[in-house]
Amino acid sequence: MRVFVTGATGFIGSAVVEDLLKAGHQVLGLARSDAGADALVAAGAEVQRGSIEDLESLKRGAAQADGVIHTAFIHDFSKFLENCEKDRLAIGALGSALAGTEKPLIITSATALVSNQRPATEQDLPDPQGMNPRIASELAAAALAKQGVHVSLVRLPPSVHGAGDYGFVPMLIAMARDKGVSAYTGKGENVWPAVHRLDAARVFRLALEKGARNAVYHATAEQGVAFKEIAGLIGKHLNLPVESKTAESAAAHFGWFTHFAALDNPTSSAFTRETLGWKPEHQGLLTDIDTAGYFN
């Protein structure tokens with residue numbers, strides 16, 4: 001297949017590009033900059049210049065492909081609501097280029113949208129009245145499905161880890177360095193599911209190849225890692241105290257990140273493993289924090 005990949009030069013998207021190419025697919029990657037374009041060419045991919053804010057570039061890329069994997073997202077949490085709206089528009093643009101075809105579109109979502117007191121499954125739907133604006137991506141995908149677009153979702157956990165990670169774990173490390181303490185909320189028993197970026201990339205490829213319509217997959221290698229363990233390992237590496245924070249003091253310590261620090265999101269991937277034949281192969285989150293250069 002010739003696959004159009006958005007976010008193709010990002011932490012997850014670049015792994016998706018690598019996995020697709022190794023599996024014998026052709027890749028057309030979206031690139032905003034000359035450096036991004038050069039990286040894609042060096043990897044063996046073709047280049048579509050543009051961005052997720054340039055909807056015409058998305059339509060052109062999708063129209064040239066046999067399928068689309070959408071991993072791009074603007075990770076500026078100071079403008080989270082705005083960026084979720086941009087993602088909704090981007091998904092609509094991609095879908096419009098695929099309408100009337102059987103070409104698959106794979107959208108990225110988040111396991112945190114289906115946070116429960118029990119392990120969330122692929123069959124769980126996010127609460128449409130929930131407060132998380134990231135639901136816009138799933139609602140956009142559902143709207144496309146009603147229009148007959150061949151769309152499916154891959155939900156990613158709060159930590160997609162590995163060398164080069166610039167997500168939540170590096171943010172926690174930076175907070176600990178700044179505050180002089182590695183913290184968790186309450187007893188720290190809330191858990192984050194996690195996956196290595198290379199294992200996550202394979203879920204996207206398998207989902208594309210499987211070609212299921214309106215499917216939901218969970219790229220979670222670990223069902224849940226206790227937040228206290230993450231904080232403890234960070235404290236160990238930085239030689240800092242590890243402390244519990246009350247709800248009030250957590251807000252002062254974590255700021256905008258407080259919601260994520262308290263997130264309890266056990267998540268199953270049983271359906272994904274069974275239907276896609278997916279078996280995670282890479283090391284877990286705590287081992288990665290310990291060995292993958294997070295403190296260099």
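The model is predicted, and local features are reported only at pLDDT of at least 70, side-chain atom pairs only at pLDDT 80 or more, while totals for chains, interfaces and linings use all residues. Residues are numbered from 1 along each chain as its sequence is written, and side-chain values use heavy atoms, with hydrogens and water left out.

Strands (E, at least two residues) and helices (H or I, at least four) are DSSP runs numbered from the N terminus, and two strands pair if DSSP finds at least two bridges between them. Three strands form an open sheet in the order 7-9-11, with mixed pairing; strand 7 (159-161) and strand 11 (222-226) are its edges, each pairing on one side only. Strand 7 and strand 9 run parallel and are joined by three bridges, and S159 stands opposite A194 in strand 9.

Helix 8 lies across strand 9 and strand 11, at about 60 degrees to strand 11, where axes are lines fitted to C-alpha atoms, for helices over the stretch in contact, and angles run from 0 to 180 degrees between N-to-C directions.

The largest nonpolar core, of 33 residues, has L172, W192, I230, I234, F254 and F257 as those with the most contacts inside it. Such a core is a set of buried Ala, Val, Leu, Ile, Met, Phe, Trp, Tyr and Cys residues joined through side-chain atoms within 4.5 Å, buried meaning under 20% relative accessible area (1.4 Å probe, protein chains only). Among the elements giving it two or more residues are strand 9 (191-196) and helix 8 (227-238). Leaving aside neighbours within four places in sequence, W192 is in contact (heavy atoms within 4.5 Å) with residues including S159, L172, I230 and F257.

Technical notes: Buried < 20%, exposed > 50% of the residue type's maximum accessible area, 1.4 Å probe, protein only.
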